[in-house]
Amino acid sequence: MKKILFVIVAMVMCAGNARAFEYEPEQGFSWMGIFGMNVSKLQNHDFGAKAGAVLGARVDFVLPKAHGTYLTAGLDWTMKGGKGEEPDITIDGKDYDVNGKYALHYFEVPIRVGFRYNPTESIGLYGEVGPYFAVGFAGRHKISIDEDGSAFRDIEDNASYVAFKNYGYPTESFQRWDAGIGFRIGAEYNHHYNLLIGCDWGLADIYRVSYRDAFKDDTANAGRVLPKVRNFNFSITFGYRL
């Protein structure tokens, strides 16, 4: 009986593999545009996660005679950063709650290798992994105070600054360059419509070296060590393949 069950399972698996090969992805290049949202966080930082947007384009190359293995690269605009509570502001003896936010805008180039499996002619499933490289082109730190009035808006404006600019300690600033590794899984319908889920882990410490050195040289920080702050990003995007 066990031998019969084993033979049946083997036959089903072989039939499934044969059917998958019947619907192998077409070899060569294809293009895809993507848009969606991400949830990012500055790892080893006091701030929590922040929602953002992503928009980009991909080019895929399905390798010949590789049964669904492909290479992919792209160019994305993506929003990263984080948000959280900051120290209270005291005005005329009264404390006010303050929230802070970093909005970091990057141009990002993901380069990955993947594998695609087509269970039917109209449905494709795929997964990919590889590095990414990014440069920050715009970024801002902004605070908000839970009170109304022009005086509070002036304080908010004065406390906001460009996140990638080198101010020196104690103003927190980040370098523009970033790199890391990520993966993505996706599903495609009718050779055009895609749903993609992915994660990226930054490997670069994005604190500026000058900021880190100034922190260390400040006698008030004796014995304290700045953590290495890295980007983390989770994304859900929709894509259309040309």
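Q: What has to be found between two strands before they are said to pair?

A: Two strands count as paired if DSSP finds at least two bridges between them. In this predicted model, strand β4 and strand β5, the latter covering residues 123-145, run antiparallel and are joined by 18 bridges.

Q: How many residues lie between β4 and β5 in their hairpin, and which residue of β5 stands opposite Tyr-106?

A: The hairpin that β4 and β5 form has 5 residues between the two strands, and the residue of β5 standing opposite Tyr-106 is Gly-136.

Q: Which way do β3 and β4 run, and how many bridges join them?

A: Strand β3, residues 69-91, and strand β4, residues 94-117, run antiparallel, with 19 bridges joining one to the other. One of the pairings to look for is that of Gly-84, whose bridge partner in β4 is Gly-100. The hairpin of β3 and β4 has 2 residues between the strands, and in this hairpin Asp-92 takes a positive phi near 55°.

Q: Which residues of the largest nonpolar core touch the most other members?

A: This core has 17 residues, and those that touch the most other members are Leu-42, Tyr-102, Leu-104, Tyr-106, Phe-174, Ile-206 and Tyr-207. At least two residues of the core come from each of β4, β5 and α3 (209-217), while β4 gives the most to it, with 3 residues. Apart from this core lies another, made of 6 residues, including Ile-34, Val-62, Tyr-70 and Leu-196.

Q: What does Leu-104 touch, once residues up to four places away in sequence are not counted?

A: Among the residues that Leu-104 touches under that condition are Leu-42, Phe-174 and Ile-206, and the list also includes Thr-78, Met-79, Ala-138, Phe-164 and Asn-231.

Q: Why does Asn-233 count as buried, and why does Val-59 count as partly exposed?

A: A residue is called buried under 20% relative accessible area and exposed over 50%, with partly exposed in between. Asn-233 counts as buried because its relative accessibility is 4%, whereas Val-59 counts as partly exposed because its value is 22%.

Q: Where do Asn-233 and Val-59 lie, and what does each of them touch?

A: Asn-233 has its place in strand β9, residues 230-241, and, not counting residues up to four places away in sequence, Asn-233 touches Asn-38, Val-39, Ser-40, Thr-78, Lys-80, Gly-198, Cys-199 and Asp-200. Val-59 lies in strand β2, residues 50-62, and, leaving aside neighbours within four places in sequence, Val-59 is in contact with Phe-29, Ser-30, Trp-31, Leu-71, Thr-72 and Ala-73.

Conventions. Residues are numbered from 1 along each chain as its sequence is written. This is a predicted model: local features need pLDDT of at least 70, side-chain atom pairs count only at pLDDT 80 or more; totals for chains, interfaces and linings use all residues. Side-chain values use heavy atoms; hydrogens and water are left out. Helices (H or I, at least four residues) and strands (E, at least two) are DSSP runs, numbered from the N terminus. Buried means under 20% relative accessible area, exposed over 50%, partly exposed in between (1.4 Å probe, protein chains only). Contact means heavy atoms within 4.5 Å. A nonpolar core is a set of buried Ala, Val, Leu, Ile, Met, Phe, Trp, Tyr and Cys residues joined through side-chain atoms within 4.5 Å.
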